[in-house]
Amino acid sequence: MPLRILVCIKQVPEPEQFDRMTLDPATGSIDRAGIAPVTNAVDRHALEEALRIREALGGAVTVLTMGPPQARKCLEDALAMGADRGVLLCDTAFAGADTLATSAVLAAGIRSAGEFDLVLCGNESVDGATGQVPAQLAEALGWPRVTFARKIEWVQDGRIARVEREIEGGILRVEVGLPAVIAVVKRINRYRLPTIFGILEAGKKEIAEVGCSGCECAGLVAAAMGLGGSPTRVAGIFQSHRKRQVEMIGGDAKEAARALVARLREMDAL
Amino acid sequence: MMHSNPDSMKEILVWAEQRDGRLMPVALEILRKARELAGPLGARVSAVVIGEDCSVCAAELVAHGADRVFAAQDARLHLYQADAFTAILCRIIVETRPGLVLLGATSVGADLAPAAAARLATGLTAHCTDVHVEQIDGRAQPVMTVPGWRGSMMVKIVCPEKRPVMATIRPGVMDRGVPDASRRGQIVTFEPALGDGDFRARALEWVPEAGGGELEQAKVVVSGGFGFYEAGGTALLEELALAAGGVTAGSRPACDAGWVPESRLIGQSGRTVSPDLFISVGASGAPHYTTGFAKSKIVVAVDRNPKAPVFDVADFGIAGDLREVLPALVEELRRKT
């Protein structure tokens with residue numbers, strides 16, 4: 001059975017440059033100015049899984065993201081990897097969303113983009129790192145979910161997914177019928193890189209833009225979007241009390257190693 | 001869906017995760033926190049436990065401070081069934097109208113909590129390291145603390161209007177209390193009404209996997225970060241761990257690169273350890289990583305960047321070229337005293 005697959009991806013600041021991000025103490029909004037945006041890494045694994053399913057069972061792969069206009073870039077990258085079309089959910093009304101408002105807009109965007117059998121996501125983003133969106137998106141769609149998926153097998157002609165779901169100390173074997181939301185972890189696959197051909201083809205593919213009115217048409221009230229639709233707020237930031245005062249050990253490598261090991265032995269830590 | 005009085009903090013609910021009839025340690029950690037918050041508020045603490053047979057867990061929860069335990073029992077709930085657990089938890093929340101709901105941020109709690117929060121249209125804060133109650137705008141409100149994205153930065157999150165306020169708490173960051181067998185509490189055991197819609201995603205089997213189990217017991221943990229690879233990769237990490245009498249672990253980038261298995265991931269989405277000695281090499285020290293070893297007795301950090309935030313959470317630091325420092329460390333560690 002060919003599957004209509006939608007993959008949610010997110011543009012995030014380059015993790016190597018997180019220390020350059022600042023937070024406005026008054027509004028609680030994150031300032032990412034000057035930090036290179038990239039596609040959240042685990043989302044590429046979700047896309048790779050979608051492409052493999054399409055190769056095995058047939059179907060089409062749509063990629064969708066919510067973000068500012070420049071988030072189009074991560075859709076273009078996904079099209080170059082092999083996705084068939086892109087959807088950019090972009091509107092100032094979506095700004096400042098916590099996971100609940102984000103999931104509501106994603107669900108409305110998915111509804112407005114067509115009918116789908118399967119939604120794949122990365123299990124969490126590296127910036128927010130809450131891991132809450134996949135389960136909340138499933139709720140907003142009214143679909144079942146499986147998160148922490150590290151392997152997906154298809155039975156009954158692709159109508160049922162058999163998932164290995166990571167759990168502390170092992171895995172759960174979970175079976176889920178479609179439609180469903182499945183959130184994957186990175187070890188599920190190794191993702192491909194775009195080919196020259198893929199990059200050339202990507203330019204011919206469509207990226208649809210959906211804003212506030214498009215989501216309203218899909219049944220979501222404006223009050224449920226963005227900051228206004230977000231129950232949680234950043235109340236402030238503070239520096240945690242440093243419990244440790246670091247003692248830097250200098251000298252060349254050999255001297256430093258000797259001094260450190262001596263201190264640790266003194267303290268009975270070795 | 002639910003919009004009870006945001007001033008009401010008379011009930012705190014704890015979801016107590018059990019597996020195979022035994023409570024997860026984090027259940028008792030968050031129960032103690034609930035008890036601590038309930039005191040000044042004059043609130044009641046209830047716990048909900050879901051499983052095949054919850055009798056032992058329920059008694060333990062009472063001994064650890066639960067005034068009331070809702071024990072939802074059914075043979076089909078032996079494993080984590082996402083749909084059924086979400087429905088049961090939501091039902092109990094709607095009926096008891098708590099002001100605050102705490103869940104352990106295990107891989108199961110991290111699936112259950114967001115679904116329940118979405119169904120109740122309320123706010124949820126993930127992976128908290130603390131929850132306290134503060135007077136904000138003239139009323140007592142739960143304030144959640146989560147690590148920021150650099151150094152010692154912490155972020156406070158509130159949920160001003162919607163109730164209940166929900167939070168998942170990182171395992172291992174709070175201490176559990178001392179049980180008191182003489183404590184009395186009400187245990188409400190019931191068989192939840194379950195239909196086909198409660199098993200759309202059906203867990204069939206739990207398959208335990210070896211590896212990583214000894215991490216929490218290890219006296220010495222040697223953890224590699226992304227910068228570690230250039231210095232010699234997995235082999236040198238093993239060598240260093242062996243010389244120090246410890247086990248290996250790694251940060252998220254090291255796991256993603258495949259140098260360290262996921263079962264040995266330290267931090268936010270991995271494991272929390274508190275060994276006698278934690279040695280971090282080549283990890284810059286993102287808070288998502290450092291919260292995973294904050295309670296270690298002694299922390300040593302080695303990184304090439306002297307300004308790396310990892311040094312903010314270390315007792316001893318060496319800033320230098322890992323390709324020189326690490327072999328020197330291995331050699332020193334092997335030297336007999």
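A residue is called buried if 20 or more other C-beta atoms lie within 10 Å of its own, exposed if 12 or fewer do, and partly exposed in between, with C-beta atoms placed from the backbone. The model is predicted, so that local features need pLDDT of at least 70 and side-chain atom pairs count only at pLDDT 80 or more, while totals for chains, interfaces and linings use all residues. Residues are numbered from 1 along each chain as its sequence is written, and chains are lettered from A in the order in which they are written.

**Exercise 1.** Classify B:E332 by its surroundings and find its contacts.

*Solution.* Start with the location: B:E332 belongs to helix α8 of chain B, where helices (H or I, at least four residues) and strands (E, at least two) are DSSP runs numbered from the N terminus. Next, count neighbours: B:E332 has 19 C-beta neighbours inside 10 Å and is therefore partly exposed. Then list contacts, meaning pairs whose C-beta atoms, placed from the backbone, lie within 7 Å; apart from neighbours within four places in sequence, B:E332 touches A:A257, A:R258 and A:V261.

**Exercise 2.** Determine how the buried residues of α8(B) are arranged and what they pack against.

*Solution.* Helix α8 of chain B, residues 322-334, has 13 residues and spans 18 Å from first to last C-alpha, close to the expected 18 Å, the expectation being 1.5 Å times one less than the number of residues. Its buried residues are B:L322, B:V325, B:L326, B:A328, B:L329 and B:L333. Seen down the axis, these fall within an arc of 165 degrees, so they line one face of α8(B); the arc is that of the directions from the helix axis to the C-beta atoms. They pack against α7 of chain A and, in chain B, against α5, β16, β17 and β18.

**Exercise 3.** Identify the residues through which α4(A) and α4(B) meet.

*Solution.* From α4(A) the contact uses A:A135, A:Q136, A:A138, A:E139 and A:A140, and from α4(B) it uses B:D111, B:P114, B:A115, B:A118 and B:R119.

Notes: Contact = placed C-beta atoms within 7 Å.
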